[in-house]
Structure formats: structure tokens, C-alpha cells
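I opened my notebook for a friendly walk through a protein model. Here is what I looked up, one entry at a time.

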Amino acid sequence: MTSRALVALASVIDPELRLPITELGMVGEVQEDSDSVNVVIKLTIVGCPAAQSIERDVNQALAAEFKTVNVVMTTMSQEERSELTKKLRGDRPPKFNPFVEKDNLTKVIFVSSGKGGVGKSTLTVNLAVALAAQGQKVGLLDADIFGYSVPQLMGVNQTPTKVDHLMLPPISHEVKVISIGFFVADNQPVAWRGPMLHRAVEQFLTDVFWGDLDFLLVDLPPGTGDVAISLGQLLPKAQTLVVTTPQHTAAIVAERSGAIGLQTGQSVLGVIENMSYLPSKDGPIEIFGSGGGEAVAKRLSELSGAEVFVLGKIPLSQELRESADRALPIVVGNPEDSAAVEIISIARKLIATPRGLAGKSLKITPS
Ligand SMILES: Nc1ncnc2c1ncn2[C@@H]1O[C@H](COP(=O)(O)OP(=O)(O)O)[C@@H](O)[C@H]1O
Ligand SMILES: [Mg+2]
């Protein structure tokens, strides 16, 4: 006989793990008759931040089926927790980087730029949210250790819940997010050197429960430093998206950030020109000049031997800047804005790219 209670409980999704609680071993003893039900729900950890929402959803799901509902909330034993983390890791050993597996189909995208201030983080966040809004499962790794800004841009700032050694990334606008900023108190600067940096970014891959992702977007630090090289080795299948402004000098440094990716084995996915022009009633005004995007694409085509395209040109937009300050990415806050329209169109191109063709040059339509 199927349990009506279990069927109802299968509709309750754990908000951090995004899986039904019935599959996570969170449902303990169940007693039911035609009118009433008693269930024990086992949370992963004491003080689980999702406790309230799980309790509410469990009560709601059961109240639809039974007149009398009695829910007792407890916590898993150490053994049950180990069982769960083992299951979440898919029986792979701890300290395992899932993105290097042969059958891993996640499109890993490095967003890089030659220098800071070109809008790399703003674009990474908006692309991630735009992809998620189109039904993709998306992770966002803020690897800009010294200049992290993703927590502010996504409006999340919480230390991830830890289930044993597995970190559950907070979810914002349906994107799983990890940033060094979650682990640093009071905006303290991070003063680390090579080996510690390498360990930190490695942990972001091995110790975080990303689940099955369609996309992992990585906000790289500007330039060509330790972190970019470490990540290049840790994520060999990644492809690089190079962000530049139209300005000649910006294009020259942006080219180097694509070139370092080529050296660590990443192919170039494309170029985004940001702050391309200011729309006006008399036509676009090219505040930062023009041609930067094309120049970078041309040079990276020569260096890589495969054609690299400009995937989009994002106009200057006051609304984009303001929405970043408000932690409401413009692609969901005001998708009609001209910058948002362009970012959403780039997201569509990324979705249309065939997956799992690491290291091969992908022919995507130029903008
Ligand atoms: N297209 C744009 N129009 C207007 N402001 C922008 C645009 N792109 C980025 N910005 C603003 O430029 C600044 C730098 O952007 P940010 O994403 O932090 O750059 P980076 O990560 O490359 O250092 C931010 O204040 C951001 O809001
Ligand atoms: Mg940034």
C-alpha cells in the first residue's frame, strides 16, 4: 500500500539542496490513518536556516491530505548525515572535483578581463541570473578573491550551511552562489598568497554541493594572476568569455586575459564589449571610442587559430548600474532595458552552444 503521507511529502523540496525531502532521508517515522498523520522530520543540522520553511511546507502538504497533522522536527544523527553527504556526492570520495569527470556536462565559463572596472562582475551576475530565468541550472563562483563583489550584486551574505564537510551554496535568483566574501567577517581584506589561494579555489570546487549544473560561471579576478592559473588547471574544460570596453588600451589588456586561458588549455568562447555606447535620441554616442571588442576577437582568433566572435555589445545604462547597487540584477528587475536585452540575448547564445565539447572551438553566431 502506498503511503499517502509519503506521496504528499515528496512534493516538499529542501530549499538549500533543491531535492525532495523524501529523497534526502529527512522523513523519519510516519503513522497515518484515513484522517490523521504523525510524522517526524529530520533536519540535516541543528539550527538549519531552512527549518521554518521546511516545517511550513510539510504542514501544508500534509494538511491537503489529512484532517489532523502532527509534525515533530528533529535533527539527523551523525550516521544519517554521513549517509546523506555520501548520497549527495554520488558515492564519490570527499575532495572530489566533479567538473573534471569525463561525463560531466556542465558548461564551465570563465569570465575574464584584462583590468578591473570594465563590468565583468556585473555581466557575470546578470548572465547567471538570465540563464537561470531561462530554466538552466546555474552555479556562480566568485573567484575574484581580493576584489569579490558577487555577494553585494546578488544580495546574499551568509555563511553557507555545512553538512559535515559539504558546503551548501546559498541560492539567490535561482543561482547557487559561492564567494570568499561569505567567509570573511566585516569586509576584511583577504591577504593570501599562491598556495592558500589555490587551496581556497580548489575547495570551492570540491567541498561545495553544486549538484548537476548546466552552467558554472566563474568571475575571475582581472588580469593573469595565480587564481586564473589555478582555476585553469582545476577546470580544464572551461571556456573563456573575455570582457572589454571599446577603448583601444582596454582591448590590449583584455587580449592578455584571453591569452592566459589559451596557455592553460581553455578555448575562447567569445568576447563581450561592455559600455559600448550611450544610447541617445540622436543615435549612439561612443563615449569610450569603438572597435575594442572586434580588436580583441580578431587577435584571439589569430592566437587560437579558431574564429572568435563578439557575442554582444552592451550599452552604457544607468539602470544597469543602479540595479547592481540595489542587488536586483537588471535582467530580472527590468528586462526591457537595452543593456538587459543584450545580456539576455548573449545568455540565449550560451544555451544554444552545444555542451561537452571541451577544448574544441565552438562556432557561435556573431552578434
Ligand atoms: N553597461 C554598463 N553601464 C553602466 N554602468 C556599468 C555598466 N557595466 C558596469 N557598470 C558599472 O561599472 C562599475 C564596474 O563594474 P564591475 O562589474 O564591478 O566591474 P569589474 O568586475 O570588471 O571590476 C560598476 O559600478 C557597475 O555598476
Ligand atoms: Mg568585479
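How much space lies in the second largest cavity? I looked it up in this predicted model, and the answer is about 60 Å³.

**Entry 1: the cavity**

I noted that the structure holds two cavities of 30 Å³ or more. For the second largest cavity, I wrote down the lining: Phe110, Leu220, Ala228, Ile229, Thr240, Ser257, Ile260, Gly261, Thr264 and Gln266. I then sorted these residues by class and got five nonpolar, five polar and no charged. Helix H7 (226-234) and helix H8 (248-263) each supply at least two residues of this lining. H8 gives the most, with three residues.

**Entry 2: the largest pocket**

Next I turned to the largest pocket, which has a volume of about 770 Å³. I found 39 residues in its lining, and Phe209, Trp210, Gly211, Asp212 and Leu213 lie nearest its centre. By class, I recorded 20 nonpolar, six polar and 13 charged residues for the lining of this pocket. Which helix gives the most to that lining? My note says H3, with three residues. Helix H3 (78-88), S9 and helix H6 (194-206) each supply at least two lining residues.

**Entry 3: the sheet of three strands**

I followed an open sheet of three strands in the order S1-S2-S3, and its pairing is mixed. Strand S1 (27-32) and strand S3 (68-75) stand at the edges with a single partner strand each, so one side of each has no neighbour in the sheet. I also noted that neighbouring strands here are turned by 10 degrees against each other on average, direction ignored. S1 pairs with strand S2 (residues 36-43) in the antiparallel sense, over four bridges. In this pair I spotted valine 27 opposite isoleucine 41 in S2. Helix H2 (residues 51-63) packs on the sheet and touches S2 and S3. The direction of H2 makes about 155 degrees with that of S3.

**Entry 4: the sheet of eight strands**

I then traced an open sheet of eight strands, again with mixed pairing, in the order S8-S9-S5-S10-S4-S11-S12-S13. Why is one side of S8 and of strand S13 (310-314) left without a neighbour in the sheet? I wrote that both stand at the edges, each with a single partner strand, so one side has nothing beside it in the sheet. Strand S4 (residues 107-113) and strand S10 (residues 215-219) run parallel, joined by five bridges. Here lysine 107 stands opposite phenylalanine 215 in S10.

I looked for helices on this sheet too.

**Entry 5: two positive phi values**

Last, I checked backbone angles. Glutamate 174 has a phi near 65 degrees, a positive value in a residue other than glycine. I found glutamate 174 in the loop between strand S8 (171-172) and strand S9 (175-179). Methionine 275 is not a glycine either, yet its phi is positive, at about 60 degrees. Methionine 275 sits in the loop between strand S12 (267-274) and helix H9 (292-304). Is methionine 275 buried or exposed? I wrote down buried, because its relative accessibility is 19% and buried means under 20%.

Definitions and conventions:
Residues numbered from 1 in each chain as written. Chains lettered and ligands numbered in written order. Predicted model: local features only at pLDDT ≥ 70, side-chain atom pairs only at ≥ 80, totals over all residues. Heavy atoms only, no water. 1 Å grid on protein atoms, 1.4 Å probe; cavity = no way out; pocket = protein on both sides within 12 Å on 5 of 7 lines; lining within 4 Å. Points joined across faces, edges and corners; volume = space filled by probe spheres on them. Nonpolar A, V, L, I, M, F, W, Y, C, P; charged D, E, K, R; others polar. Pairing = 2+ DSSP bridges. Axes fitted to C-alpha atoms, helices over the stretch in contact; angles between N-to-C directions. Contact = heavy atoms within 4.5 Å. Buried < 20%, exposed > 50% of the residue type's maximum accessible area, 1.4 Å probe, protein only.
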